[in-house]
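Please keep the 3D view open as you read and follow the points in order.

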Amino acid sequence: GPQGPASGLALSNYTATAYLNGNLGLTANTSVVLAPLTAINDPQGWVSSSGITPTISGYYQIDYQGVFSNVATNTQIQLNLWLDITTQASYLVAPTNPTAFQSLGTSKIVYVNAGQRINLVAFSGVNNTLGGNPQSTWLSVMLLTNAGPTGLTGATGQVGPAATGASGATG
C-alpha cells in the first residue's frame, strides 16, 4: 500500500542566535529592550541590534536567558519575550534572594509572522546590570519544519493526441 504520513523535525538554516554585546545597565523599576545584540549565527540575516526578525511565518522554538548581577531582598527581576513590542509571548519573573547573580531563562514555541521582530525586555526592582556576553544573555530562534518521508512517485499520464501544425508562408 502507499506510504503513510510521518512527522519529525528537519534541520534547516532558518535560525538565528544573538547575544547582548556589552553589559546593560538597568535603572530601578524601568523596563528596557535589550540592545545592542550581536549575531552568533545568522544564516538568513535576521539579527538586528534590537531583536531578531524572521522573514518566514511559522512556529518557532525560542530560547532565551539573562544573567542579572545585582539582586536585593524583597524585589524582583524580569526577562520578557515580546513580538514587535506589542504582543507579550513569555514572562519570566523571579523574586530575588541576596546572592551574587541570578539567571532567568526558558524555551517556548511561538507562532511568528514574517517581519515580526522578536525582542527581549528586562526589568529590575533595583538598579542592576544584565551581563553582556555570549554565555550570559542571549536569544535564539529556530523555525520548526516538518521532516516527513518523500512520497511515492505518481503514475505517468496518458500521451495526448498528435496534431499537425499550420503550413508556413510561401516565399
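Predicted model: local features only at pLDDT ≥ 70, side-chain atom pairs only at ≥ 80, totals over all residues.

1. As for cover, six of the six residues of β1 are buried, so the strand counts as mostly covered.

2. The protein chain has 13 strands and zero helices. Of its 171 residues, 37% are buried. Its accessible surface comes to about 9,600 Å², and carbon and sulfur atoms account for 52% of that. Take the contacts between residues at least 6 apart in sequence: 74% of them join residues at least 24 apart.

3. Next, have a look at β7. This strand is mostly covered, with nine of its eleven residues buried. With β10 it pairs in the antiparallel sense over eleven bridges, and Gly-58 stands opposite Val-112 of β10. β7 runs antiparallel to β13 as well, and six bridges join these two.

4. Which residues have the most contacts inside the largest nonpolar core? They are Ile-62 and Leu-81, and the core itself has 31 residues. The elements that give two or more residues to it are β1, β2, β7, β8, β9, β10, β11 and β13. As a general background, nonpolar side chains in soluble globular proteins tend to be buried together.

5. Setting aside its neighbours within four places in sequence, Ile-62 is in contact with Leu-81, Val-110, Val-112, Ile-118, Leu-139 and Val-141, among others. The list also includes Thr-106, Ser-107, Lys-108 and Ser-140.

6. Now to the aromatic rings, where the structure holds three pairs. In one of them, the ring centres of Tyr-14 and Trp-46 are 6.4 Å apart with planes at 20°, so this pair is stacked. The pair links distant parts of the chain: Tyr-14 is in the segment before β1, while Trp-46 is in the loop between β4 and β5, 32 residues apart. Are the two buried or partly exposed? Tyr-14 counts as partly exposed at 29% relative accessibility, whereas Trp-46 counts as buried at 2%.

7. Another pair is made by Tyr-59 and Tyr-111. Their ring centres lie 5.1 Å apart and their planes are at 75°, so the arrangement is edge-to-face. Because Tyr-59 lies in strand β7 and Tyr-111 in strand β10, the pair ties together parts that are 52 residues apart in sequence. Those are strands that also pair in the antiparallel sense. Tyr-59 counts as exposed, with 51% relative accessibility, and Tyr-111 counts as partly exposed, with 39%.

8. One last thing to find in the view is an aromatic cluster. Tyr-14, Trp-46 and Tyr-60 form it together.

Technical notes
Residues numbered from 1 in each chain as written. Heavy atoms only, no water. Core = buried A, V, L, I, M, F, W, Y, C linked by side-chain atoms within 4.5 Å. Buried < 20%, exposed > 50% of the residue type's maximum accessible area, 1.4 Å probe, protein only. Helix = DSSP H or I, 4+ residues; strand = E, 2+ residues; numbered from the N terminus. Contact = heavy atoms within 4.5 Å. Phe/Tyr/Trp six-rings, centres within 6.5 Å; stacked < 30°, edge-to-face > 60°. Areas by Shrake-Rupley, 256 points an atom, 1.4 Å probe, with all protein chains shown as cover. Pairing = 2+ DSSP bridges.
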